[in-house]
Amino acid sequence: MKQTKLNAAGRIGRRRFLAGAGAGVAAAASGGLLAPGMALAQGFPDRNIDIIIPTGEGGGADRDARAFASIWGNHLPTNFQFGYYPGAAGQVGYEFYMSREPDAYSLIFANLGPEVIMLELQGTGITVGKDIVYVQQTLSEPMAVWVGPHSPFRTLEELVEEGRRRPLTVAVSRLPHPASIGMLALGEELGIEIILVPYGGGNATAMAAITMEVDCAALPVTNSIVLADQSLVLGVFAKENVAPEGTDNAPTVNAALGTSLPALTSSRAWGVHRAAYDAYPERVAALVQSMSATLADPAYVAAVEGTGVPPVFIDPGNEAEAMASAQATIELARRYRDLLTGS
Amino acid sequence: MEMNAAGLAELFLYSVSMWWLIIPAVFIGILMGAIPGFAAHNTIIMLLPLTLAVDVDLALTFMVALYCASHLGGGIPAILLNIPGTGGAAATTLDGYPMSQQGNASRALALSFVASISGGLITSAVTLFMLQYLSQVGFYVRSVEMVVVMLFGLALIAAIAARDMIKGLIAGALGLMLGAMGADHIYATPRGTFGILELFDGVPLVPALIGLFAISEALIMLESRTIAPAASARAMPSWSQTFREILGAFRHWWLMLWTSLLGLVIGVLPGAGASIASFVAYQQARVFSRTPEAFGTGHEQGVVAPEAANNGVTTGTLVPLLAIGVPGGSTAAVMMVVLQFHGVPFGPRLFVQDPVLAYGVIMSMFVAYVFMLFTLFPLTRYLSRITVVANYYMAPMIVAFTLVGAFVPRNFMADLTIAVAFGLLGYVARKTGYNVAAILIGVILGPLLERSFLLSMRISGGDWTVFFSSVIGNVLWGLLAVTLLASPTMNLLRNLRSARNTQSKMEH
Amino acid sequence: MSDDNPSGRKQVGSDLVIPVVGMAYAVYYVYSVWEFPPEAQRSGFFLAGMLVVLGLIFFARIAVLALRGQVELEFHALLGPPEGRLRRLGFVGLIGAYLLTVQTLGFTLTTFAFLFLGSLVAGLESIRRAATFAAVAALSGWLFFIVLLGTRFPIGPFETLMNQVMPWR
């Protein structure tokens, strides 16, 4: 620890903090950090954009949405307000989003995999395409199965071997989730019994794997990458492992076990009310244009990397691609409906 | 970084040099902690634009100081107005408010401040040295053991019910039943919600707390002119009296020590928080007290135990984030957002890459409590005056401002209606002898208990014996049995002894 | 059944409200999960059973007393002491009015109106003091909650006007 450095940091910090505090108060007071002129010239947006996150604060969606918004502000001169609406596997967030004014000023930051499955299985009355349009995909990541640092299992084969002797307990975020589907499909193909234990969120799920309350965890792979040496990735549900350095050079599940499971990914995407999409095409166009510019901005790559997510997961996709991802997930959900609903 | 004396001293001085940041954070924290709904994590979320804009060490220091102070702030309205500012202060109302009604508000505040600050100082010092060991607690206390921990908290319902058993149990059961509302933990299907979207995630805690305590209290306030008997609290306590009350609070040092450590351990557990810790601490303090019957009537120990415990939790909740890299509670989750945003690693890597920041977080907690020591004590003198403000001002103010608090955590307008509904329920309950704290305990602990129970059952494949399968779990079961049987047994022994005494007297 | 009245008989009635409400909710809850998977039902069934049993014990106790002619039905306890009863009912009515109007009138105006009328209904006898109190509190609340903290509480004419008056906002 260097005293001089600290003192210097303290001094500079105070001034910067006070400046920041001033800016923060101003931001709150103005209801947004508007770059003068820029916004008014186009007319949209002339106030804050509300970002609805259908999971809790501090989760993966929060992380990715904030990284995006930190750069997006340079391309769309407005302020972004985050609201968290977790509950009922995302249903609360979606229903709340649908109750908002469809004026393209409120957007939902979706985790296509689990949320589309939830919409399909829980009888929410919200239909992808008819009620919500995903206009821009930002990131895609595969599902992974992993264990904590003290786990006796060091490879997927060892885990499966144990699974032939007794049922395996697998921590998952929730039942309607691509990672849950992956483990169930794996169990089905190899004839081993998988008990899914839903912990209701990525962080709690990770903790269960680390403390070895369960045999392993199945989550989007970023969760384990961010945890670094607190996790050992055993396998990835993908055609190839595109981020070997962060994932302990784990094999794909199919390569390790000779199975033929579908690739299971989840994409983050920005969604907007269908009604807003139809009524305000120019607003949606402005949103999409600035989103694409953000995705092409090298600063965005740096921001993503800064949060610990491998930039290789950045997967810009237009509306057609995002909606195709959603459609593929819907089909998966239909196939595994019984296993996921307890019926 | 070596954790030797020189390193510690350096770290301490560094944190002290942040006084200009910590002192305002402490005041904001106390103020926000005192308004139900604005407790630490909601305030920190609202201030995120500010904390994301500055250096990460400043942001963390600010958040940590605000967080600690809000736990302390939550006790103030609990004592003065019977309205806990946070769930963690709900147990404080049980004895703190009776003290205020007896005109002893300033003594109750002194007790709460001393207990909170001592609890915070003790636990942050312990955490500084034992972080790695503390993080191991999660490896031994899992869902199975958590079921027993929750039952420890629920045991408080039985204690509250001691005065009117059937009504106390009905209140607790009603709370648990309401707590079972919302999506189930496995299939996420909404239950008992009347189809109301805002209830899908279960009864929202803050509106329930505001209704049961604040709104019902405001309605009852209208029956009298002031909270404290006008004669007893007319004069502001003198400085020397204030000082004596503060010093006097240190008589409970042993109680503060062990309840704060209890809070620390409970805080480390993922999913457990300040409310559980304070319920358990209150109940245990009662069990081990020489005067258990005095609890609930304005007993000093009943203020000390929950306040020391809920401030012990503050350091505990940061342990999983710092030592493992997974946030254990909602405030820690918001801190993680800030770390992530600045690209700072968390978990064990933080100690390797930036030990000053890692240990600095805990040290700034310690320092924040030191500052509170000097800034707060004068307040006890003035704050107690609130209890003599006329209720025709207080009651409308409480309703208007706590309704904003009901809105803040989720931004749902329906939460105002939910708060008012709970307010009417709480009013009826109070008027007819059902304890609202017992209802709240059920609402808070019910869903947590169900979750741990269902996870354990799933992991064991539906085998009930899993609850008796671990050594720690069995030890906890044993302690729980002792706890529940302790006071009846003591009473029995006391009665036997007095019976024998009278008998022997008669023989002489 | 806590209050003993001069006749020596226990008064019951008010204290039946909580168990009855609780049992009604328990029944509704069981109905709402009737077709759910067992894991979603288990704790609800258990708790509903517990609540119903406790309620029945409570009723049985009262029934025994009633048979002995030792109870008297009353619902006065719910409304508190007779003096000021109308004031308190009026106050509850004002809370209801607050809920109905806050979305259109916004924080500041609703809070002002509520505090003004509320303090008068609660017993403050000076209209001038009530108005001063309500104005100071509502404006401080607006500054603190809406301006400084940026709470997204509903805004109304006052907030909109202030946004226009202060162009930097």
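Across the interface of chain C and chain B, 13 residue pairs are in polar contact, with both residues of each pair at pLDDT 80 or more. The model is predicted. This report starts with that interface, then turns to chain B with chain A, and ends inside chain A.

**Chain C with chain B**

Helices H1 (17–32), H2 (38–67), H3 (85–121) and H4 (127–148) of chain C each give two or more residues to the side that touches chain B. By class, that side of chain C holds 41 nonpolar, 15 polar and seven charged residues. In total, 63 residues of chain C are in contact with 61 residues of chain B. The two chains bury about 5400 Å² between them. Carbon and sulfur atoms account for 80% of that area. On the chain C side, C:Ile18, C:Tyr25 and C:Glu39 lose the most area to chain B. Together they make up 14% of what that side buries.

The interface of chain C and chain B has three salt bridges. One salt bridge joins the side chains of B:Glu223 and C:Arg88, at 3.9 Å from N to O.

**Chain B with chain A**

Here 58 residues of chain B meet 53 residues of chain A. The buried area is about 4900 Å², and 69% of it lies on carbon and sulfur atoms. B:Trp20, B:Gln340 and B:Ile459 supply 12% of the area that chain B buries against chain A, more than any other three residues. No salt bridge is counted between chain B and chain A. Seven residue pairs are in polar contact, both residues at pLDDT 80 or more. Helix H17 (residues 330–341) of chain B gives the most to the side that touches chain A, with seven residues. That side of chain B divides into 39 nonpolar, eleven polar and eight charged residues.

**Inside chain A**

Chain A has 15 helices and ten strands. Of its 343 residues, 60% are buried. Among contacts between residues at least 6 apart in sequence, 80% join residues at least 24 apart.

Domain 1 covers 39–141 + 266–341, and domain 2 covers 142–264. Their C-alpha centres lie 26 Å apart. In the contact between them, 23 residues of domain 1 of chain A meet 22 residues of domain 2 of chain A. The domains bury about 1900 Å², with 72% from carbon and sulfur atoms. In domain 1, A:Glu141, A:Tyr336 and A:Leu340 lose the most area to domain 2, together 30% of what that side buries.

Helices H5 (112–121), H14 (319–335) and H15 (337–341) of chain A each supply at least two residues of the domain 1 side. H5(A) gives the most to that side, with five residues. By class, the domain 1 side has 14 nonpolar, seven polar and two charged residues.

**The interfaces in a table**

| Interface | Buried area | Share on carbon and sulfur atoms |
|---|---|---|
| Chain C and chain B | about 5400 Å² | 80% |
| Chain B and chain A | about 4900 Å² | 69% |
| Domain 1 and domain 2 of chain A | about 1900 Å² | 72% |

Definitions and conventions
Residues are numbered from 1 along each chain as its sequence is written. Chains are lettered from A and ligands numbered from 1 in the order in which they are written. This is a predicted model: local features need pLDDT of at least 70, side-chain atom pairs count only at pLDDT 80 or more; totals for chains, interfaces and linings use all residues. Side-chain values use heavy atoms; hydrogens and water are left out. Domain bounds come from an automatic or database domain assignment. Contact means heavy atoms within 4.5 Å. Buried area is the accessible area (1.4 Å probe) that two parts lose on being put together, summed over both. Helices (H or I, at least four residues) and strands (E, at least two) are DSSP runs, numbered from the N terminus. Ala, Val, Leu, Ile, Met, Phe, Trp, Tyr, Cys and Pro count as nonpolar, Asp, Glu, Lys and Arg as charged, and the others, Gly among them, as polar. Buried means under 20% relative accessible area, exposed over 50%, partly exposed in between (1.4 Å probe, protein chains only). A salt bridge is a side-chain nitrogen of Lys or Arg within 4 Å of a carboxyl oxygen of Asp or Glu. A polar contact is a pair of N or O atoms within 3.5 Å; within protein, one must be able to donate a hydrogen and the other to accept it, and residues adjacent in sequence count only if both atoms are side-chain atoms.
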